[in-house]
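My entries follow the order in which I looked.

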Amino acid sequence: MKEYAWFAWLIVIPIAMGIISGLMQPAKKKRSGNRRKRPTKTVNKKTTTLPSRTSKSCRSDEVLLTSALDQLNGVEFERLLALYFRGQGYQVHEVGVGGNDGGVDLVVVDKRGERTAVQAKCYADHNFVPVQTVRELVAAKRNHNCILSLLITTSDLTKPAKAEAEKFKVDYWHGGVIEQKLRAWGKWQPIKSRRA
């Protein structure tokens with residue numbers, strides 16, 4: 001019997017130690033079920049869900065020209081910028097529509113043949129463009145034989161990103177600037193913004 005008691009203790013002791021160590025560890029936080037809901041908008045007493053900013057779909061040009069910037073996803077924002085640059089007399093090559101662009105979404109060519117690499121970032125106001133995006137654009141503009149680079153965002157750049165842009169002569173238009181340019185163009189006339 002003593003032989004079996006010794007064997008039983010070999011099993012009981014590690015199990016007891018495991019239980020004790022588990023009790024001594026801090027409790028893990030449970031994930032709350034509060035998921036962020038997509039914004040909704042009421043149209044003719046119906047509630048419809050606005051398109052997700054991460055969606056890869058693109059509505060018609062007519063819809064884009066009447067939509068506020070905060071109602072566009074990334075693909076639609078790139079398309080709106082392509083329409084804007086064409087309206088300004090540039091030749092536009094849509095390089096990386098919807099992602100996997102390697103840092104360049106559009107290549108715009110002016111009347112003199114000068115090429116500009118454009119990176120578009122359709123972000124919420126509080127989501128600033130990081131320094132890595134500026135670095136990617138600087139590197140990628142050479143791959144597209146561009147002399148100039150332009151970063152356009154619906155929000156703004158972080159301080160390190162602004163410093164990097166200054167250092168490498170990357171022009172950038174933040175939310176206020178791009179809205180002003182689009183309004184001056186005249187073809188972009190958003191019906192109503194949720195921000196208002």
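The entries below begin with the basis of the model and then take up the helix, the salt bridges and the patch.

**Basis.** I am working with a predicted model, in which local features need pLDDT of at least 70 and side-chain atom pairs count only at pLDDT 80 or more, while totals for chains, interfaces and linings use all residues. Residues are numbered from 1 along each chain as its sequence is written, and side-chain values use heavy atoms, with hydrogens and water left out.

**Helix 5.** I took helices (H or I, at least four residues) and strands (E, at least two) as DSSP runs, numbered from the N terminus. I called a residue buried under 20% relative accessible area, exposed over 50% and partly exposed in between, with a 1.4 Å probe and protein chains only. In helix 5, residues 159-167, I found A161, E164 and A165 buried. They lie on the same side of helix 5 because they cover an arc of only 100 degrees around the axis, the arc being that of the directions from the helix axis to the C-beta atoms. On the other side of helix 5, I noted K159, E166 and K167 as exposed. The cover over the buried residues includes helix 4 (131-143) and strand 7 (171-173), where contact means heavy atoms within 4.5 Å. Just after helix 5, K169 takes a positive phi of about 55 degrees.

**Salt bridges.** I counted a salt bridge where a side-chain nitrogen of Lys or Arg is within 4 Å of a carboxyl oxygen of Asp or Glu, and searching the whole structure gave nine. One of them joins R135 to E164, with the closest N and O atoms 3.2 Å apart; this pair links distant parts of the chain, R135 being in helix 4 and E164 in helix 5, 29 residues apart. R135 is partly exposed at 40% relative accessibility, whereas E164 is buried at 13%.

I next looked at E76 and R59, whose closest N and O atoms are 2.7 Å apart. E76 sits in helix 3 (residues 74-87) and R59 in the loop between strand 2 (46-49) and helix 2 (61-64), 17 residues apart. E76 is buried, at 1% relative accessibility, while R59 is partly exposed at 28%.

I also recorded a network of salt bridges that links D61, R79, R86 and E94; within it, E94 and R86 have their closest N and O atoms 3.3 Å apart.

**Patch.** Finally, I noted that I11, V12, I15, I19 and L23 make a nonpolar surface patch of about 500 Å². Patch residues have over 30% relative accessible area and no salt bridge, with like charges joined within 9 Å and nonpolar side chains (Val, Leu, Ile, Met, Phe, Trp, Tyr) within 5 Å. V12 belongs to helix 1, residues 2-24, and is partly exposed at 44% relative accessibility.

How values were computed. Accessible areas come from the Shrake-Rupley method with a 1.4 Å probe; for residues, only the protein chains shown count as cover.
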